[in-house]
Amino acid sequence: MTLQAPTATLDQATADRLSAAFHRCFSDFEVTADLFAADAFFDLLPPMWRFQFEGSGEAFAAQLRSIAEGPVEIDVVRTIPTAAGFVTEHVETQHTPNGVLTARRMHLCEVRDGRIEAVTTYCNGGWDEELRARHAAEAPMVRR
């Protein structure tokens with residue numbers, strides 16, 4: 001897939017609409033037919049492993065379903081339009097039988113013709129309750 005040079009920054013309303021639909025994938029484990037380009041490329045880089053997929057997003061949704069151990073809540077931190085699409089960040093809270101896991105993810109989404117054509121995701125997590133408590137004691141944050 002060859003990415004085309006963008007001509008202008010994506011408008012905030014389009015970035016917000018695509019970002020909201022994209023983030024729902026992480027909690028609903030489904031993709032809508034109009035969200036991703038048919039030849040979209042996914043490059044996912046969670047800690048300690050890496051996955052790549054191509055296609056309309058079904059393999060992406062299947063991967064999200066396969067790693068979920070319980071209900072997932074997503075808190076969108078920000079969505080920033082770029083000349084190629086948007087950058088968005090979320091905090092994921094997963095309620096598992098063994099407790100709550102959290103992760104923070106940053107996504108670079110490139111857009112073509114109103115659909116996401118490429119996703120690069122960086123993730124740090126999943127932090128369990130013990131690790132979150134240790135972090136709070138040893139390295140308290142000054143911001144969320």
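Why does cysteine 25 count as buried?

1. Cysteine 25 counts as buried because its relative accessibility is 1%; buried means under 20% relative accessible area, exposed over 50%, and partly exposed in between, with a 1.4 Å probe and protein chains only.

2. The model is predicted, so local features need pLDDT of at least 70 and side-chain atom pairs count only at pLDDT 80 or more, while totals for chains, interfaces and linings use all residues. Residues are numbered from 1 along each chain as its sequence is written, and side-chain values use heavy atoms, without hydrogens and water.

3. The whole structure contains 0 disulfides, a disulfide being a pair of cysteine sulfur atoms within 2.5 Å. Cysteine 25 takes part in none, and its nearest cysteine sulfur, in cysteine 109, lies 9.7 Å away.

4. Cysteine 123 is buried, at a relative accessible area of 12%.

5. The largest pocket has a volume of about 360 Å³. Thirteen residues line this pocket, and those closest to its centre are Thr102, Trp127, Arg132, His135 and Met141. A pocket is an open set of points on a 1 Å grid over the protein atoms alone, where a 1.4 Å probe fits, with protein on both sides within 12 Å along at least five of seven lines; lining residues have an atom within 4 Å of a point.

6. Helix 3 (129-138) and strand 5 (99-112) each supply at least two lining residues, and helix 3 gives the most, with 4 residues. Helices (H or I, at least four residues) and strands (E, at least two) are DSSP runs numbered from the N terminus.

Conventions:
Points joined across faces, edges and corners; volume = space filled by probe spheres on them.
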